[in-house]
2 protein chains.
Amino acid sequence: MTSVSDDFLYNQVAERLEAMVENGVWKTGDKLPSVRALSEEQGVSLSTAFKAYAALESKGLIEARPKSGYYVRFRPRHAAPPPRTPRLPAPPEGMSVDEMIATVYANLSEAGVVQLSLAAPGYELLPAAKLNKCMVEALRSSPTSCLHYENIQGNTELRQQLARLAFNWGGACTADDVVVTQGCMEALSFCLRSVTRPGDTVAIERPTYFGIFGLLKNLGLRALEVPTDPIIGPDLDFLRNASAKKQFAAALFVPSFNNPLGSLMPDTHKQALVSMLAEQEIPLVEDDIYGEMYFGKTRPRTCKSYDTEGLVLYCSSMSKSLAPGYRIGWCMPGRFRAQVLQCKLTQCITSASPTQAAIARFCTNGRFDLHLRHLRKALHTQCLRYWQAIEAYFPADTRVSQPQGGYVLWLELPESVDSFALYHRARQHQISIAPGRLFSTGGCFRNHLRLGFGNPFTPEIEGSLKTLGKLVRELAKP
Amino acid sequence: MTSVSDDFLYNQVAERLEAMVENGVWKTGDKLPSVRALSEEQGVSLSTAFKAYAALESKGLIEARPKSGYYVRFRPRHAAPPPRTPRLPAPPEGMSVDEMIATVYANLSEAGVVQLSLAAPGYELLPAAKLNKCMVEALRSSPTSCLHYENIQGNTELRQQLARLAFNWGGACTADDVVVTQGCMEALSFCLRSVTRPGDTVAIERPTYFGIFGLLKNLGLRALEVPTDPIIGPDLDFLRNASAKKQFAAALFVPSFNNPLGSLMPDTHKQALVSMLAEQEIPLVEDDIYGEMYFGKTRPRTCKSYDTEGLVLYCSSMSKSLAPGYRIGWCMPGRFRAQVLQCKLTQCITSASPTQAAIARFCTNGRFDLHLRHLRKALHTQCLRYWQAIEAYFPADTRVSQPQGGYVLWLELPESVDSFALYHRARQHQISIAPGRLFSTGGCFRNHLRLGFGNPFTPEIEGSLKTLGKLVRELAKP
């Protein structure tokens, strides 16, 4: 296992090198200093210099040529424009969004299909053996073998660990502020039910995760889709105007690494959003499910960290970071805790005991923090590798998002390409993708596409991306 | 382990003896034949005769006197009247039902309190070690260590086992008819949401489990409380009249061992109810959570078994029979399967993988059936022992239900006794009970009381019941 200090050192060197590639100091094809030269230049051990190069190689930024040395392989095109979000929705056409979702996600477990339609980690990235061990220990150390009805609010030890996790994003929460739920979706559902009534309107991002449309519909709520920038998130002017006119009763945003955009609201925007909504006493449901999967140096802050009125209902889960199948989510519902607990009690009484106890155990002794460090690195590398393949194989006028975290890339294809038609063609090649129209109720994003990079980059994945690029070229009209 | 044929034989003998005690052939204090004489009379082995007496002794019906033999100890007072259900609700007084529920169930896990307020099994009755083993095997044999998002409808193997279980109550279901949920409450919630809209009225039993009021309220539904007989269940004439007048959009009943009554609708009534509601196209949500906990010879049939139109939405769970803390319930929603699945998808996406896989494994190889046989016997014995203690220690004009299954006794105390006042006095003696007013929205059942017999009968329990009886006498006005 890598020690933390060693980890810091080679990462620091790698980051310095990466910045030089990004800034064009070194260009594609340039030969880099030898390992020995690098070690002397930077005043680090040979082993640290080697590790720094290996890290850059795994990201696809440099390559080792036999008997020659390291060369710059790729320079991220930071100047390439990101995908655009139309200001006005287009009229819907053909199949409904619900029908499309049902089509795309009908056969998730079909063997032999390359899954690029999910926003979730590949199983190789998850600490299965360690978590199994925690489950066994949890069952053995529980006086009832976890057969008891757990505390309605959630396992106390788990809530303490979740409160501790909140310190990373500037949260000053205690175990008593946390309510454990069955995944993030249940947290969103309880929070929305606690702050709205059927018929109310909820402000959401456009584009946004399609599960949120289903949730709103099921609760009898309407959506106000807020134009959302692929880099900095929701349009605050639009929101200021709509909130002043009382056009919505609550907001539900994914401020860090929106799915599908990957956008990250700057801290100043998060702060402005919270105070703007507080002025109108409008509750904000903050979906932070991707918040821990950041590629930068520090954990993004949350809207909740700026909340002084108890009006931000923070939601997250372990489904993207640790154990999708365990269905452990949670919320910190601020002043709406009693309502959320009442929702939970009448919906399901309480959450499962064994899965909560196992994850609580996993989170102690820094195990979860260590796992997250490994996961973030792997995801950042995968993101870059997928991105490079898209740059290489897709038409030049394809726009690709540059997410700073999360699990997905958002693509704008040439205007003539219908991504749902692309979906059907790709399926014939055993590739599954998520067409853009899934991410808006208004028929937007006909030529957009979401690609998940949760699975490690393999020759099979590269082949699938190459095939996809070829299909896009075929569908694009000259 | 007892073989099935042996099990049958000593049970047959015990039942014959029990019938003679019940019919007054033998009276309290009568000496019974010696083990040898019984063995000769009945043509069974000495060991079988001994087991038959031991079974009756464990139920408290007979006692062994040293160096003398077996004597009749107790004759069930089958002629004693059961508690009555008022036709009209009384006006509510003082504290709201919600406040009362919160008061009674605030400190469930408080140490040192004798819990008589629950309708759930004591942990001694549950196969913790075997279930732990199943969990370990499930995690080890899963290619993903159960980290994957499970099939939305539920683990296939588990659904097959649940369909197989349905054969016991005359169900002709396949795995495809089953949707797994987070306990029975979530099943009820999905089913109600699938067949009603906010503002609709739902027919329920009076009295009924208080969790159902919370569920209805949370979904914006109204309750029509149907007077319910403590022996045969809901008043069908009342229902026929109300359904003809379209006074309700759906019904939610607990036809087998209603909580708190313990009532069991006769098969003819179940059949009549299903066809009466089908005529008006009114869906019936059938809560069968206690159906497997029968004391008689055969599993009661369900309303679902008479359903030809797909209008019965059957709901149950493993919380009362196997593992409360695992939160595994299920429904068979008939023609509303698509709606229930949509509810589930938008509420929580899917249910937890490890708990489903562990229980699926436990249900194979007849393990669950064997466990249920043991559990039923233990519960029947506990029911009789609690009942006998109530007969012995409570005032003579106390009415007690005679449940044929389930976990609870329903008591009607002398009219002057307020059972919520009794609750407060009992708490001072470290005893927790469920006052009758929790079981109706209309302020009914002021002098009623629910006592759970899920915990094995011990001297401590007997002492608590004796104390309760004393407190009732103190509260009763002459």
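Which residue forms a salt bridge with A:K470, and how far apart are the closest N and O atoms? The partner is A:E474, with the closest N and O atoms 3.7 Å apart; a salt bridge here is a side-chain nitrogen of Lys or Arg within 4 Å of a carboxyl oxygen of Asp or Glu. Keep in mind that this is a predicted model, where local features need pLDDT of at least 70 and side-chain atom pairs count only at pLDDT 80 or more, while totals for chains, interfaces and linings use all residues. Residues are numbered from 1 along each chain as its sequence is written, chains are lettered from A and ligands numbered from 1 in the order in which they are written, and side-chain values use heavy atoms, with hydrogens and water left out.

**Salt bridges**
- A:K470 and A:E474 sit four residues apart in helix α15 (residues 459-475) of chain A, so about one helical turn separates them. Helices are DSSP runs of H or I with at least four residues, numbered from the N terminus.
- Over all chains, the structure holds 38 salt bridges.

**Chain B against chain A**
- Each chain puts residues into the contact (heavy atoms within 4.5 Å): 48 from chain B and 48 from chain A.
- About 3,900 Å² is buried between the two chains, with carbon and sulfur atoms giving 59% of that. Buried area is the accessible area (1.4 Å probe) that two parts lose on being put together, summed over both.

**The α5 pair**
- Helix α5 (residues 128-141) of chain A packs on helix α5 (residues 128-141) of chain B at an angle of about 180 degrees, with the axes 10 Å apart. Axes are lines fitted to C-alpha atoms, for helices over the stretch in contact, and angles run from 0 to 180 degrees between N-to-C directions.
- The two helices are therefore roughly antiparallel (over 145 degrees).
- A:N132, A:M135, A:V136 and A:L139 meet B:N132, B:M135, B:V136 and B:L139 in this contact.

**Domains of chain A**
- Chain A splits into domain 1 (4-72), domain 2 (97-125 + 375-475) and domain 3 (128-368); the bounds come from an automatic or database domain assignment.
- The C-alpha centres of domains 1 and 2 of chain A lie 30 Å apart.
- Eight residues of domain 1 touch six of domain 2 in chain A, and about 550 Å² is buried between these domains, 42% of it from carbon and sulfur atoms.
- On the domain 1 side, A:S58, A:K59 and A:G60 lose the most area to domain 2, together 67% of what that side buries.
- Zero salt bridges turn up across this domain interface.

Conventions: Angles under 35 degrees count as roughly parallel, over 145 as roughly antiparallel, 65 to 115 as roughly perpendicular and the rest as oblique.
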